Amino acid sequence: MSQKKAFLVLLAVSSVSLLLHHGGHFFWTMKGFHLDCPLLLSHPSPTLKPKHTSIAFLKTHKTASSTVQNLLFRFAERHNLTVALPYQTCDHQFCYPRPFSARFVHPHTVPPRIITSHMRLNVSELRRLMPNDTVYVTILREPASMFESLFSYYNQHCQSFGRVPNGSLEAFLADPGRYYRPEEKDSMYAHNTLTFDLGGDKDRPASDVDYASGFIAGMERVFSLVMIAEYFDESLVLLRHLLSWDLEDVLYVKLNMRVSGSKQNLSAGLPARVRGWNALDARLYDHFNASLWRRLDALGPGCVAREVGLLRAARDRAVRGCFGGRFPQRRPAAQIKNKELRPWQPSSKVDIVGYDLPPNASRPAPGASGTSQDLCLKLIMPEVQYSSFLLRSQSLRYRKNYALRFPPPVRSTKPRRPSPPPPTRNSSTVPRSPTAPAPAVTLKPATSNKPRPSPKPPS
């Protein structure tokens, strides 16, 4: 090796070592730097694809989808993108469980670049609303753990769960047909919820293999990426590559989680019963879990492991910066002082935990890269409050833009010719018209039919 080549190699190794040693701020803005991974450098660069900014995320139930929604909301705010949001009459969902319609979208939030609130998938309506270059993404969760979460979370809302004695998951799974009513309003939480959210027939018999295969093939055509909740960070690596995003675009804090006392342990045999009862969901999950790992293998295990490490390190720095150098403690809603940070509670029997910012949240921890108070607030803001905040801010922007496009008419400053005074009761002529001379007509004094009093005689 020549001295010149040896010098260049030594210089490269030294540079990489220096960057790794002082990499806090560097990795915050880098997409990733790997010797054997696809090259993703920081923006701007004329040789790299720009960030993709048109995303439709199908938010499924109890799958860590609220965490994905939160990072999409923050991405939209940073890049001044319009997020499609529901009418207030639909609450914070697109009139779920009705199939999605563009009519459910608030007019102040169109045309959108991102859509991510709960809906039941209707592909034709989504494509009518979203740009042609939209990337479609969703997330699934292992059916047994998901069903336990659904049973706990919606026990007071879903009648199929509510009629089970003592709220026993074991009792329900021993004989689901005894409690399940497919025609009831909230029955989708009790049977093949993933299939239903994705627009499928939740009550199609498990023996209908052709339907299941066709449905899965249809989802393959719609979604560019199906994330898996159990491998959340690995899924974010694929999402980041798919959208050409930065590390800071996929930072997150876990949201909408239950306290441990609200969870049930699945005894031996129950997971198999759950999968048998939710056979369509099980097939869907197994297919896309295998698909995820084929894509991760194609990217390279070493590459994925290093990117996951970078993601977690950047996330930890951001979180410590928000919470005074420590990791946040999850708190029940009643203990959270800031009402904007209290998560929605589905019932008195289920406690959903959230976070509260410490008084020094605006001061970054030592070594943190200037974490802003707004980022800290939005990182932990629950879905309902964040949706309302975005609707208010986008409505204000819509009204300002409307005023610029359609300004009010400008009134003329030219003085008007004074109007002629109205005729008095003693006037003897008709007022002259501004366009034609008035006829010379003499008016006679008005007479009255009222009798006049006789003159008073002199005294």
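Asp-374 is partly exposed, with a relative accessible area of 46%; here buried means under 20%, exposed over 50% and partly exposed in between, with a 1.4 Å probe and protein chains only. Good morning, colleagues. The model is predicted, so local features need pLDDT of at least 70 and side-chain atom pairs count only at pLDDT 80 or more, while totals for chains, interfaces and linings use all residues. Residues are numbered from 1 along each chain as its sequence is written, and side-chain values use heavy atoms, with hydrogens and water left out.

I begin with the partner of Asp-374. Asp-374 forms a salt bridge with Lys-378, and the closest N and O atoms are 3.3 Å apart. By salt bridge I mean a side-chain nitrogen of Lys or Arg within 4 Å of a carboxyl oxygen of Asp or Glu. Side chains of opposite charge can pair when their charged atoms come close. Because these two residues are four apart in helix H15 (residues 373-379), about one helical turn separates Asp-374 and Lys-378. Helices (H or I, at least four residues) and strands (E, at least two) are DSSP runs, numbered from the N terminus. Lys-378 is buried, at a relative accessible area of 4%.

By this rule, the count comes to 18 salt bridges. Which parts of the chain does the pair of Asp-249 and Lys-51 link? The side chains of these two residues meet at 3.0 Å, N to O. Asp-249 is in the loop between helix H11 (232-243) and strand E6 (257-258), and Lys-51 is in the loop between helix H2 (23-29) and strand E1 (55-58); the pair links distant parts of the chain, 198 residues apart. Both Asp-249 and Lys-51 are buried. They also belong to a network of salt bridges that links Lys-51, Arg-78, Asp-246 and Asp-249.

I turn next to Glu-184 and Arg-163, whose side chains form a salt bridge at 2.7 Å, N to O. Glu-184 lies in the loop between H8 and H9, and Arg-163 in the loop between helix H6 (159-162) and helix H7 (169-174), so the pair ties together parts that are 21 residues apart in sequence. Glu-184 is buried, with a relative accessible area of 15%, whereas Arg-163 is partly exposed, at 31%.

Lastly, Pro-182 is placed in the loop between helix H8 (176-179) and helix H9 (193-197). Pro-182 is partly exposed, with a relative accessible area of 40%. Leaving aside neighbours within four places in sequence, Pro-182 is in contact (heavy atoms within 4.5 Å) with Ser-187, Lys-202 and Asp-203. Thank you.
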